[in-house]
Amino acid sequence: RLQRRQGLVRREPRPGAGEEAVVIARITGTVVQVAATALVVDLHGLGLRVLCTPATSASARPGEPITLHTSLVVREDSLTLFAFADAEERDAFELVQSVTGIGPKIAQAIVSVLPPDALRAAVASNNLAALTKVPGIGRKGAERLVIELRDKVAGLGSGAAGGHGGA
């Protein structure tokens, strides 16, 4: 303790310092409960409630195994686990949250309406009509998506296994 105060003990930088830590990247378990935009997945006795797109929810059946790619959203008053049928959908969800004014609920709406390939194409071609089909996205929001994601969407959706496919 004394050495640290005197500056004799150096802290080594953490690996990946400055990068966002991934806490729960994927889950595999048994579907217990299905709702319109949520699932409860049993992981060896631990039931996780995850929010998902309607397409992901529709493909889930109680009692059947499922693998979901996830994104944990940490807020001051909550921990919310969002789940997706594939990694490309999750990556699109995380990417659109980098846009000013886009939180997890709107991001989930975007990936619900536009699969990763369609989102990439809409941003790349400045297709505001496609982007404004998303509930909660108006013309100004669509313009902001295009401006802020134009240089970031190049690899999004390429090699996707069908966007809204089952898990």
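Which residue stands opposite Val41 in β2? The residue is Val31. That pair belongs to a predicted model. The protein chain has 7 helices and 5 strands. The 5 strands close into a barrel. Helix α3 packs on the sheet, and α3 also meets helix α4.

**Overall layout**

- Along the sequence, the elements of the protein chain follow the pattern α-β-β-β-α-β-β-α-α-α-α-α.
- The protein chain has 167 residues, and 37% of them are buried.
- Take the contacts between residues at least 6 apart in sequence: 53% of them join residues at least 24 apart.

**The barrel**

- The strand order in the barrel is β1-β2-β3-β5-β4, and the pairing is mixed.
- From one strand to the next, the twist averages 55 degrees.
- Helix α3 covers residues 87-96 and packs on the sheet. It touches β4 (65-75) and β5 (78-84). The direction of α3 makes about 15 degrees with that of β4.
- In general, strands of a sheet pair through backbone hydrogen bonds, in a parallel or an antiparallel sense.

**Strands β1 and β2**

- Strand β1 spans residues 26-34, and strand β2 spans residues 38-43.
- The two strands pair in the antiparallel sense, over 4 bridges.
- β1 and β2 form a hairpin, with 3 residues between them.
- Two facing pairs can be picked out here. Gln33 stands opposite Val40 in β2, and Val31 stands opposite Val41 in β2.
- β2 is mostly covered, with 5 of its 6 residues buried.

**Strands β2 and β3**

- β2 also pairs with β3 in the antiparallel sense, over 6 bridges.
- Val40 has Arg49 as its bridge partner in β3. Val40 also faces Gln33.
- The hairpin of β2 and β3 has 2 residues between the strands.
- His44 is found in the loop between β2 and β3 (46-52). His44 is not a glycine, yet its phi is positive, at about 55 degrees.
- Is His44 buried or exposed? His44 counts as exposed because its relative accessibility is 86%, and the cut-off for exposed is over 50%.

- β1 and β4 run antiparallel and are joined by 5 bridges.
- Ile27 has Leu68 as its bridge partner in β4.
- β4 and β5 run antiparallel too, joined by 7 bridges.
- His69 has Phe84 as its bridge partner in β5.
- β4 and β5 form a hairpin, with 2 residues between them.

**Helices α3 and α4**

- Helix α4 covers residues 104-113. The axes of α3 and α4 come within 9 Å and cross at roughly 135 degrees.
- That angle makes α3 oblique to α4.
- The crossing of α3 and α4 is right-handed.
- Which residues of α3 meet α4? They are Glu89, Ala92, Phe93 and Val96.
- On the α4 side, the residues are Pro104, Ala107, Gln108, Ile110 and Val111.
- By class, this contact of α3 with α4 has 7 nonpolar, 1 polar and 1 charged residues.
- An α-helix has 3.6 residues a turn, so residues three or four places apart point the same way.

**What covers α4**

- The buried residues in α4 are Pro104, Ala107, Gln108, Ala109, Ile110 and Val111.
- Their cover includes three strands, β3, β4 and β5. It also includes the helices α3, α5 and α7.

**Two loop residues**

- Asn126 is found in the loop between α5 (116-124) and α6.
- Asn126 is a residue other than glycine, but its phi is positive, near 60 degrees.
- Asn126 counts as partly exposed, at 46% relative accessibility.
- Gly138 lies in the loop between α6 (128-131) and α7 (139-149).
- Gly138 is partly exposed, with a relative accessible area of 36%.
- Gly138 and Leu128 are 10 residues apart along the chain. Their C-alpha atoms are separated by 8.9 Å.

Technical notes:
Residues are numbered from 1 along each chain as its sequence is written. This is a predicted model: local features need pLDDT of at least 70, side-chain atom pairs count only at pLDDT 80 or more; totals for chains, interfaces and linings use all residues. Side-chain values use heavy atoms; hydrogens and water are left out. Two strands pair if DSSP finds at least two bridges between them. Axes are lines fitted to C-alpha atoms, for helices over the stretch in contact, and angles run from 0 to 180 degrees between N-to-C directions. Contact means heavy atoms within 4.5 Å. Angles under 35 degrees count as roughly parallel, over 145 as roughly antiparallel, 65 to 115 as roughly perpendicular and the rest as oblique. A crossing is left-handed if the near helix is turned anticlockwise from the far one by less than a right angle, and right-handed if clockwise. Ala, Val, Leu, Ile, Met, Phe, Trp, Tyr, Cys and Pro count as nonpolar, Asp, Glu, Lys and Arg as charged, and the others, Gly among them, as polar. Buried means under 20% relative accessible area, exposed over 50%, partly exposed in between (1.4 Å probe, protein chains only).
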